[in-house]
Amino acid sequence: MVCMGIVLFIVGVLLMAVAIALSIALHEIGHLVPAKLFGVRVPQYMIGFGKTVFSRKIGETEYGVKAVPLGGYISMIGMYPPEKGAAKPGRLADLYRQAREADAERITKADQGRLFYQLPVVKRIIIMLGGPTMNLLIGIVAMAVLIMGFGQQQPTTAIATISQCVQSVSSTNVDQEAGTECDAADPASPASAAGLKPGDEIVGFAGESVTSWDQLSEEIKTHANQETPVTVVRDGRQVELTITPMLTTRPILNDLSGQFEKNADCTYQTEDVGFIGISPTTELKPGSVSEVLPAVGQSMQQMGSALVKLPVKVYGVAETLVTNGQRAEDSPVSVVGVGRVAGEIAATDQIDLHSKAASLVSLVATMNLMLFLFNLVPLLPLDGGHVLGALWEGARKLFAKIFRRPQPGPFDPVKLLPLTWVVAGAFLGMSVILIAADLFKPITVF
């Protein structure tokens, strides 16, 4: 059994490695195809970085795989426009000049008119958005397979856990969760006092038939301090119980984002509602095509919020590594962590094969939607940085045309090389921290 678990773990890691490689390859194809359609010469299409492991030249493009599989790139001729005016002296100016010369060395006479910076702004934006768009499409397709083929985890009216007590919640404390430790002063939860048990399926509440968790939640909220009949199915037979939901302060959950609502001062919004202290089991329920795009939108909203907090989260991971503390379950992971999670999913015996496949498809969807958002960050060397530069050029040219001023020329990314190096260094540092954490302080899902 142990050997089989190891084999399944390796299979899960390999499957995710293939999914990551395909996502990277398709991302770069998203850049490659429009670049070729618009006539730009593309000398290289590479998956990975570092030393070339394998390559083959087809036409004017070398296609290959490199040793470090942490991304990919296509190289396009004429990324940097020639410098305007005489070169200025100084170390930074020398670096700028070297970057331009390295780019210019690849340009031949036949490339005139085929340089990237010579393209209209719209075409450059299309090329740079091609990669993220591929990740978005992969994410949408994977989400469609998940929702329509496997289904999404939906709460049922069967009880998973029961809180033993009710702990107070305020606008600054929303840490109340089922199963947390109780103090002597904490009152027993209504569910525990009524004799409800994990595994009970609630089929009736307050004289009404219960068919969904949302319906049950609303009934509980509106019956605070009222002695209420509840009907459960336990071990195949119906059991009649009486429960009195407790009026207590609960944080308000945003159904769309899945996050707790906050006030302007960053405290949590709360409401006084009935509470009994149970959490539901979940099961996979297939959905319809109309649910796919809303689910994608909801996922990206949550990811966007997480992306904004990424530097802080990575700092927390680094602190955990240094202090040998406990890593937060919601901390970001690297590709190593994604592979490890996939391996755990494949190796576990706590879920069936159907649920394993659904979980792996969900990972692929999540990964690609996150790559879509991450690459849109408006900082060089990311795609979003090039898009922002092209938009800035377009705005300047439009301004010059309206006010009849000389055209300012193309956007020059060379002038932002120091910022580009800082951003690239920061991303590299974050990657190193997350990879180290995924190796020595991994997040476990089972």
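The protein exposes about 24,500 Å², of which carbon and sulfur atoms supply 62%; accessible areas come from the Shrake-Rupley method with a 1.4 Å probe, and for residues only the protein chains shown count as cover. The structure is a predicted model, in which local features need pLDDT of at least 70 and side-chain atom pairs count only at pLDDT 80 or more, while totals for chains, interfaces and linings use all residues. Residues are numbered from 1 along each chain as its sequence is written, and side-chain values use heavy atoms, with hydrogens and water left out.

Along its principal axes, the C-alpha trace spans about 85 × 60 × 45 Å. The protein contains eleven helices and ten strands, assigned as DSSP runs (H or I, at least four residues, for helices; E, at least two, for strands) and numbered from the N terminus. Of the 446 residues, 40% are buried, where buried denotes under 20% relative accessible area, exposed over 50%, and partly exposed the range in between (1.4 Å probe, protein chains only). Among contacts with a separation of 6 or more, 68% are accounted for by residues 24 or more positions apart, a contact being defined by heavy atoms within 4.5 Å. The side chains comprise 35 positive and 40 negative ones, and the centres of the two sets lie 19 Å apart. Lys and Arg count as positive and Asp and Glu as negative, with His and the chain ends not counted; each charge is placed at NZ of Lys, CZ of Arg, CG of Asp or CD of Glu.

Helix 8 (residues 335-347) has 13 residues, and its end C-alpha atoms are 18 Å apart, in agreement with the 18 Å that should be spanned at 1.5 Å a residue; the expected span is 1.5 Å times one less than the number of residues. The N-terminal end of helix 8 is capped by Ser-334, a side-chain oxygen of which lies 3.2 Å from the backbone nitrogen of Val-336. The buried residues of helix 8 include Gly-337, Val-341, Glu-344 and Ile-345.

Helix 9 (residues 353-375) contains Met-370, which counts as partly exposed because its relative accessibility is 28%. Leaving aside neighbours within four places in sequence, Met-370 is in contact with Met-303 and Leu-307. The C-alpha atoms of Met-370 and Ala-436 are separated by 21 Å, with the two residues 66 residues apart along the chain. In the loop between helix 9 and helix 10 lies Pro-381, and the peptide bond from Leu-380 to Pro-381 is cis, with omega near 15°.

Helix 10 (residues 383-402) has 20 residues and reaches 29 Å from its first C-alpha to its last, close to the expected 28 Å. Among its buried residues are Asp-383, His-386, Glu-393 and Ala-400. Arg-404, in the loop between helix 10 and helix 11 (417-440), has a positive phi near 55° in a residue other than glycine. Arg-404 is exposed, with a relative accessible area of 79%.

A positive phi near 55° is also found at Asp-235, in the loop between strand 6 (228-234) and strand 7 (237-243). Asp-235 counts as exposed because its relative accessibility is 78%. Arg-100, in helix 2 (residues 91-104), counts as buried at 11% relative accessibility. Its contacts, leaving aside neighbours within four places in sequence, are with Tyr-80, Pro-81, Pro-82, Glu-83, Asp-412 and Val-414.

How values were computed: Polar contact = N/O pair within 3.5 Å; in protein donor to acceptor, adjacent residues only side chain to side chain.
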